[in-house]
Amino acid sequence: MKYTEEHEWLEDADGIVTVGITAHAAEQLGDIVFVELPEVGTEVTKDDEVVVIESVKAASDILAPIDGEIVEVNEAIVEDPAKVNEDPEGAAWFFKVKPAEPGQMDDYLDEAAYKAFIG
Amino acid sequence: MSNLKRTALHDLHIELGAKMVPFAGWEMPVQYPAGVMKEHLHCRAKAGLFDVSHMGQVTLRGNGASEALERLVPVDLAGLAPGRQRYAMFTTEDGGIIDDLMVANTGEHLFLVLNAARAEVDLDHLHEHLPDVEISHLRGRGLLALQGPGAEDALAALNPAVREMRFMDVAALELAGATCWVSRSGYTGEDGFEISIPGTMAPRLARALLENPEVAPIGLGARDSLRLEAGLCLYGSDIDETTSPVEAGLSWAIQKARRTGGARAGGFPGADRILRELDEGPDRRRVGLLPEGRAPMRAHTPLFSAEDAAEPVGEITSGAFGPSIERPMSMGYVPTALAAEGTTLWGEVRGKRLAATVAPLPFHPTSYKR
């Protein structure tokens, strides 16, 4: 598992990277009431705004952490955005991306570094 | 947050795990560990306790205080009986709103509750226009709100006399060893009470109420979603010096005595515009809007009459997700011709035009004990 300073987590399984937001991010955002996900098949570039989430407080963008193609999105969190608060690092993943080039996520934080980052 | 004022309940908020934020110069709890959504739903189901001690509390004393205050508001205060409270607004010479407020006649004096962010402006206004009235700003008092279907039982456990009160009654009552000014009113659409209490006594009352398992502390976050579901205006968002009471849909607060043909018609700042708008209708109106889909349309979202219209016709002034109605909700101003219920308008959110339908207010039915 890798983490970004934008509070996303990335998990690589057989060359497909699953992306979600961390429990810390979900906690900071508060109750999430709206999620808009990209369409499957979208080619994304690192730092593209690919997801919009709105909590009871405000709207936030989730940026693509790597280049690649969106191969699957989690419609369950669109139907029930509260799932993101309940299980942000498990069932409430956001999208799966097929990386354009391997190794792009290697530079991101490991768990210990992320924990240190959020203090 | 070193320059911020703290309420008498500050230590209690910290103890309860509140997330504190700056609000109108005060350090206030925006939410507790339960979070905005659960706090909102708890208040609608049981009872919520709010610290609203940041609000301005002012007494007016002296012969003719009601008549003097009437010169600043389009409200019948001469007809405000002892033990009753009315909603009012200070108006500008142009017919805009300086602040909205509650005015209670306790029998001894008039008691005003002002928005925190406007309290100093209001006090300057009062001192300027009411030189012969004794004006006291009660900076040390606390103000608690207890709201929800369980509010009456929770407060009656401390003093059963509260059961005798009906909506907008006020009474001086003993609660947790303190003499409090209690009104049966609030800002959630629920039945409930607002309790003015000396600051040093406020923590004891709050703790006594929170000992009741039905009562949970509620932060400013849920206070906002509760009032929006109830269709109530937030000063600075839905009303301000550019909006008239009639445009804002607050004509119900202007009694017959102050209207054209009434016993004391006019005689308040901006009366020309306000009475004309009452007689002829305003050019624009505050309306409720229900966006289609789940995306909230927040404040400052421009509104269009058609999906491809070039120029906006209005703007959202408040918007959020409604936890009880389980969908997004907004309020905003639109031209009167587009204000009819069922009219489809388009809000531009992140570059996309999304449909929203003009809907009756409140979004969630109110349950005042009339």
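Two strands are taken to pair if DSSP finds at least two bridges between them, and the strands themselves (E, at least two residues), like the helices (H or I, at least four), are DSSP runs numbered from the N terminus. In this sense strand β5 (residues 56–61) of chain B is joined by four bridges to β9(B), the two running antiparallel, and Thr59(B) stands opposite Ser136(B) in β9(B). The model is a predicted one, in which local features need pLDDT of at least 70 and side-chain atom pairs count only at pLDDT 80 or more, while totals for chains, interfaces and linings use all residues. Residues are numbered from 1 along each chain as its sequence is written, chains are lettered from A and ligands numbered from 1 in the order in which they are written, and side-chain values use heavy atoms, with hydrogens and water left out.

The pairing of β5(B) with β9(B) belongs to an open sheet of five strands in chain B, whose order is β6-β7-β8-β5-β9 and whose pairing is antiparallel. Its edge strands are β6 and β9 (134–137) of chain B, each of which pairs on one side only, and the twist from one strand to the next averages 25 degrees; such angles run from 0 to 180 degrees between N-to-C directions, the axes being lines fitted to C-alpha atoms, for helices over the stretch in contact. Helix α4 (residues 119–129) of chain B lies across β5, β6, β7, β8 and β9 of chain B and runs at about 165 degrees to β9(B).

Rings of Phe, Tyr and Trp (its six-membered ring) pair if their centres lie within 6.5 Å, and planes under 30 degrees apart count as stacked, over 60 as edge-to-face and the rest as tilted. A search of the whole structure finds five aromatic pairs over all chains. One of them lies in chain A, where the rings of Tyr114(A) and Phe117(A) have centres 6.4 Å apart and planes at 40 degrees, so the pair is tilted. Both residues lie in helix α4 (residues 111–118) of chain A, three residues apart, which is about one turn of the helix. Tyr114(A) counts as buried at 4% relative accessibility, whereas Phe117(A), with a relative accessible area of 37%, is partly exposed. In chain B, the rings of Phe111(B) and Trp181(B) have centres 4.8 Å apart and planes at 70 degrees, so this pair is edge-to-face. Phe111(B) lies in strand β8 (residues 110–114) and Trp181(B) in strand β12 (residues 178–183) of chain B, so the pair ties together parts that are 70 residues apart in sequence. Phe111(B) is buried, at a relative accessible area of 7%.

Strand β12 of chain B also holds Thr179(B), which is partly exposed with a relative accessible area of 47%. Leaving out residues up to four places away in sequence, Thr179(B) touches Arg141(B), Leu173(B), Glu174(B) and Pro198(B), contact meaning heavy atoms within 4.5 Å.

In helix α2 (residues 36–45), seven of the 10 residues are buried, so the helix is largely enclosed by the rest of the structure; among them are Glu39(B), His40(B), His42(B) and Arg44(B). In helix α6 (residues 202–210), the residues Ala202(B), Leu205(B), Ala206(B) and Leu209(B) are buried. Seen down the axis of α6(B), its buried residues fall within an arc of 100 degrees, so they line one face of the helix, the arc being that of the directions from the helix axis to the C-beta atoms.

Returning to chain A, Tyr3(A), Tyr114(A) and Phe117(A) form one aromatic cluster. His7(A), in the loop between β1 (2–3) and β2 (8–13) of chain A, is in contact with residues including Tyr114(A), Phe117(A) and Ile118(A).

Definitions and conventions. Buried means under 20% relative accessible area, exposed over 50%, partly exposed in between (1.4 Å probe, protein chains only).
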